[in-house]
Amino acid sequence: MIVYLILHYNMVFLPRGVDVDLDTGNVFIADTESSLIKKFTNIGGLINSWGGSGTAYGQFEYPSDVAVESSTHYVYVAERGNSRIQKFTNDGAFIKSWGHEGSGDGELVAPHSIDLDSADNVFVADTFNDRIQKFTNDGEFINSWGGNGTGNGEFNYPTAITVDSKTGNVFVADNGNYRIQKFDNNGDFIKSWGHAGSGNDEFGSVYGIEVDPKKGHVFVCNTNGRIQKFTKNGVFVKSWGGHGQGDGEFSSPSGIAVDLAGRVFVSEVSRIQKFTNNGTFILKWSLT
């Protein structure tokens, strides 16, 4: 049943996670369709790529998200198909992996998202286990929190995670409950906001969330074709987008990242779009 749901989900959405190396500005994409990690300049020039479909180290089955470590620039990849995390150098040389399918500590089922805090701890949205797991950057289990449900600190299909580099607070897109939940660095619940809908402070399916590394704003990427911007306390600021293929429009946007200058990068089915912090279109490039 799990295998069927994963495959069906990928055929429909084919989401791609995105992250920015804050020192170099290079943009990393987890290209789910091609089972590759792709590294670009911040204006879309392809630098290199690595991976390919498979179960061996350095290969991927449905890579869903990517995160870049700030101190060493190591690259971490969450794989839905192989239920594991892989760690690489910034140019794609394999370092190590951890995790396999299961529900115990350090085990994963179809992890959809990954991010790091300023101490380089690794946080994983363990989607089909309805929980968050926290690891050292060498894959040692630290703790976990969550469980299926609708209460505070519970999840229904958590699909995206981001960590505030200044406070260490953790924001989770609780997809099935149509809300964002905010926690401290150890998983203690702070607050939540949102519900189902298409208005301000309302969500469809959410597969991307990011905290602005300087200003602390929270950006939420909805597959209903728009980006929403909130304060770190969940107060709605603005939104932009809409369904379509034109500049500033989106077709199933699925990943979002913000660089040190506040510029916003959004991944879609076949391209990346780059915006100012307030949603003004700057440029785009194709993933294919």
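In the predicted model described here, Trp 193 is in contact, meaning that heavy atoms lie within 4.5 Å, with Phe 171, Arg 179, Ile 180, Asp 201, Phe 203, Val 218, Phe 230, Thr 231, Lys 232, Asn 233 and Gly 234, once its neighbours within four places in sequence are left aside. Residues are numbered from 1 along each chain as its sequence is written, and side-chain values use heavy atoms, with hydrogens and water left out. As the model is predicted, local features need pLDDT of at least 70 and side-chain atom pairs count only at pLDDT 80 or more, whereas totals for chains, interfaces and linings use all residues.

Aromatic pairs were counted among the rings of Phe, Tyr and Trp (its six-membered ring) whose centres lie within 6.5 Å, with planes under 30 degrees apart counted as stacked, over 60 as edge-to-face and the rest as tilted. By this rule the model holds 22 aromatic pairs. One of them joins Phe 171 and Trp 193, which are arranged edge-to-face, with 6.3 Å from centre to centre and 65° between the planes. This pair links distant parts of the chain, since Phe 171 belongs to strand 14 (residues 170-174) and Trp 193 to strand 16 (residues 189-193), 22 residues apart; strands (E, at least two residues) and helices (H or I, at least four residues) are DSSP runs, numbered from the N terminus. Both Phe 171 and Trp 193 are buried, where buried means under 20% relative accessible area, exposed means over 50%, and partly exposed lies in between (1.4 Å probe, protein chains only). The pair of Phe 275 and Phe 281 is also edge-to-face because the ring centres are 6.1 Å apart and the planes stand at 75°. Of these two residues, Phe 275 counts as buried at 0% relative accessibility, while Phe 281 is partly exposed with a relative accessible area of 27%. Elsewhere, ring pairs link Trp 50, Tyr 57, Phe 60, Phe 88 and Phe 94 into a cluster.

Phe 171 and Trp 193 also belong to the largest nonpolar core, a nonpolar core being a set of buried Ala, Val, Leu, Ile, Met, Phe, Trp, Tyr and Cys residues joined through side-chain atoms within 4.5 Å. This core has 12 residues, including Ala 160, Ile 180, Phe 203, Val 218 and Phe 230. Strand 14, strand 19 and strand 20 are the elements that give two or more residues to the core, and its largest share, 3 residues, comes from strand 19.

On a 1 Å grid over the protein atoms alone, a cavity is a set of points where a 1.4 Å probe fits but cannot get out, and a pocket is an open set with protein on both sides within 12 Å along at least five of seven lines; lining residues have an atom within 4 Å of a point. Grid points are joined across faces, edges and corners, and a volume is the space filled by probe spheres set on the points. The largest pocket has a volume of about 540 Å³ and is lined by 41 residues, of which Asp 19, Asp 115, Leu 116, Thr 162 and Glu 210 lie nearest its centre. Among the strands that each supply at least two residues of this lining are strand 1 (18-20), strand 9 (113-116) and strand 19 (206-211). The lining comprises 19 nonpolar, 13 polar and 9 charged residues, where Ala, Val, Leu, Ile, Met, Phe, Trp, Tyr, Cys and Pro count as nonpolar, Asp, Glu, Lys and Arg as charged, and the others, Gly among them, as polar. There is 1 cavity of 30 Å³ or more, and its lining includes Ala 173, Arg 179, Phe 203 and Val 206.

Several loop residues were also examined. Asp 201, in the loop between strand 17 (195-196) and strand 18 (202-203), has a positive phi near 65° although it is a residue other than glycine, and is partly exposed with a relative accessible area of 23%. Ala 110, likewise not a glycine, has a positive phi of about 55°, and this residue counts as buried at 0% relative accessibility. Gly 242 lies in the loop between strand 22 (236-241) and strand 23, and its C-alpha atom is separated by 4.6 Å from that of Gly 225, 17 residues apart along the chain.
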